[in-house]
Amino acid sequence: MIELSESRVSELKSAIMDIESNYKTGGTFSKNKVDSIISAAWYNEEEIGVFQNKFDESPFFIRDVEELSYATEVGAETDFGSHRFGVSANTRGYGYEIDGDDLSAYADYTGFEGRGHFEGKYAESEIKDRVGYGSVEPKFPEFITSSI
């Protein structure tokens, strides 16, 4: 029994490492790479329909968009640590996530933002100042089934 558990844990670790190295870009998932899963041979050759059945039971969609008119950032490394300073103007973003029956969305806008970040051996700090900022994040649990 313990050998079976160890084997399963090993399989899961391998799957996680595969996802980490093949489907992520930076800190998030690559939409193009995730979308390419459905055209992969192993996905199309799957015979019992478990993937499609699982998706039909609990669909998952996600979209994130961020746009801005202007951004600049400068940085420096000193004996005390690393320093970054930046400004951005007219930044806007929106997105949504559908996970099974749950729907969540967000939208935000910032007219102007100034920021600074310091990271040293013993301390880390960040400061931001925004002008003309707004954000909304509605969540609708069981939205899909309740709207049918």
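Where is F80 found? I find F80 in the loop between β4 (70-78) and β5. I log F80 as exposed, at 67% relative accessibility (buried means under 20% relative accessible area, exposed over 50%, partly exposed in between, with a 1.4 Å probe and protein chains only). I also looked up F80 against F118: they sit 38 residues apart along the chain, and their C-alpha atoms are separated by 9.2 Å.

Ground rules for myself. This is a predicted model, where local features need pLDDT of at least 70 and side-chain atom pairs count only at pLDDT 80 or more, while totals for chains, interfaces and linings use all residues. Residues are numbered from 1 along each chain as its sequence is written, and side-chain values use heavy atoms, with hydrogens and water left out.

Overall layout next. I get five helices and eight strands in the protein chain (DSSP runs numbered from the N terminus: helices are H or I with at least four residues, strands E with at least two). Of its 148 residues, 14% count as buried.

N90 is not a glycine, yet its phi is positive, about 55 degrees. Most residues other than glycine have a negative phi, so I flagged this one. N90 counts as partly exposed, at 25% relative accessibility.

Which residues make the nonpolar surface patch? I19, F29 and V34 make it, with about 240 Å². Areas are Shrake-Rupley with a 1.4 Å probe. F29 belongs to strand β2 (residues 28-29) and is partly exposed, with a relative accessible area of 47%.

Last stop, the second largest pocket (on a 1 Å grid, an open set of points for a 1.4 Å probe with protein on both sides within 12 Å along at least five of seven lines; lining residues have an atom within 4 Å of a point). I note about 260 Å³ of space in it, a volume being the space filled by probe spheres set on the points. The lining has 14 residues, and E66, T91, D108, E113 and R130 lie nearest the centre. β6 gives the largest share of that lining, five residues. By class I list four nonpolar, four polar and six charged residues (Asp, Glu, Lys and Arg count as charged; Ala, Val, Leu, Ile, Met, Phe, Trp, Tyr, Cys and Pro as nonpolar; the others as polar).

How values were computed. Patch = residues over 30% accessible without salt bridge, like charges linked within 9 Å, V, L, I, M, F, W, Y side chains within 5 Å. Salt bridge = Lys/Arg side-chain N within 4 Å of Asp/Glu carboxyl O.
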